[in-house]
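Welcome! Here is a short briefing to read alongside the sequence and the 3D view. Take a look at both, and then follow the points below.

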Amino acid sequence: MTQLIINGLHLPKTSGDKYKCYPTKLAEQLEMISGRVVTEIRGTVQVIEYAYDYMPDAQYKALLTALRASPPITVTYLPDDSNDMVTSDFIVTSYPAPSFAFAKGDKPYWHGINFSMREVKPHD
């Protein structure tokens, strides 16, 4: 089962609470001169959180290239309320900061890969 495709790059399926995709309100809180706080809701956007334990160097570099592409990034994802994949434009809100795990032969493997993204345009 495919969960996430970023700019044509199919990411490996992850499990154990490491893939999250959920809608959230895009809103801004404003403090009025009277001291009252109001919330301006612009719509709903999807948020994706993805984590993976170990990734070979070539796959990790391809992921970094996809995430660092000029926004918006085209993402096909599995939403939490459907079995059908959906495509939309996203921005990366948190980039991966993995660590070198080990080498297999002369190829490094990276550990602790996680990132998050938010849909660019709100919808209802």
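Which backbone nitrogen does the side chain of S34 reach? The side chain of S34 reaches the backbone nitrogen of R36, at 3.4 Å. Keep in mind that this is a predicted model.

**S34 in its loop**
- You will find S34 in the loop between β3 and β4.
- S34 counts as exposed because its relative accessibility is 61%, and the cut-off for exposed is over 50%.

- Q3 sits in the segment before β1.
- With a relative accessibility of 9%, Q3 counts as buried, since buried means under 20%.
- A polar atom of the Q3 side chain lies 2.8 Å from the backbone nitrogen of T14.
- Leaving aside residues up to four places away in sequence, Q3 touches P12, K13, T14, Y19, Y50, T76, Y77, L78 and M85.

**The largest nonpolar core**
- This core has 22 residues, and those with the most contacts inside it are L4, I6, V75 and F115.
- Two or more residues each come from β1 (4-6), β3 (19-31), β4 (37-56), α1 (57-67), β5 (73-77), β6 (86-94) and β8 (107-119).
- The largest share, 5 residues, is given by α1.

**A look at L4**
- Again leaving aside residues up to four places away in sequence, the residues that L4 touches include L9, H10, L11, Y19, I48 and Y50.
- L4 also touches V75, T76, Y77, M85 and F115.

Terms used
Residues are numbered from 1 along each chain as its sequence is written. This is a predicted model: local features need pLDDT of at least 70, side-chain atom pairs count only at pLDDT 80 or more; totals for chains, interfaces and linings use all residues. Side-chain values use heavy atoms; hydrogens and water are left out. A nonpolar core is a set of buried Ala, Val, Leu, Ile, Met, Phe, Trp, Tyr and Cys residues joined through side-chain atoms within 4.5 Å. Buried means under 20% relative accessible area, exposed over 50%, partly exposed in between (1.4 Å probe, protein chains only). Helices (H or I, at least four residues) and strands (E, at least two) are DSSP runs, numbered from the N terminus. Contact means heavy atoms within 4.5 Å. A polar contact is a pair of N or O atoms within 3.5 Å; within protein, one must be able to donate a hydrogen and the other to accept it, and residues adjacent in sequence count only if both atoms are side-chain atoms.
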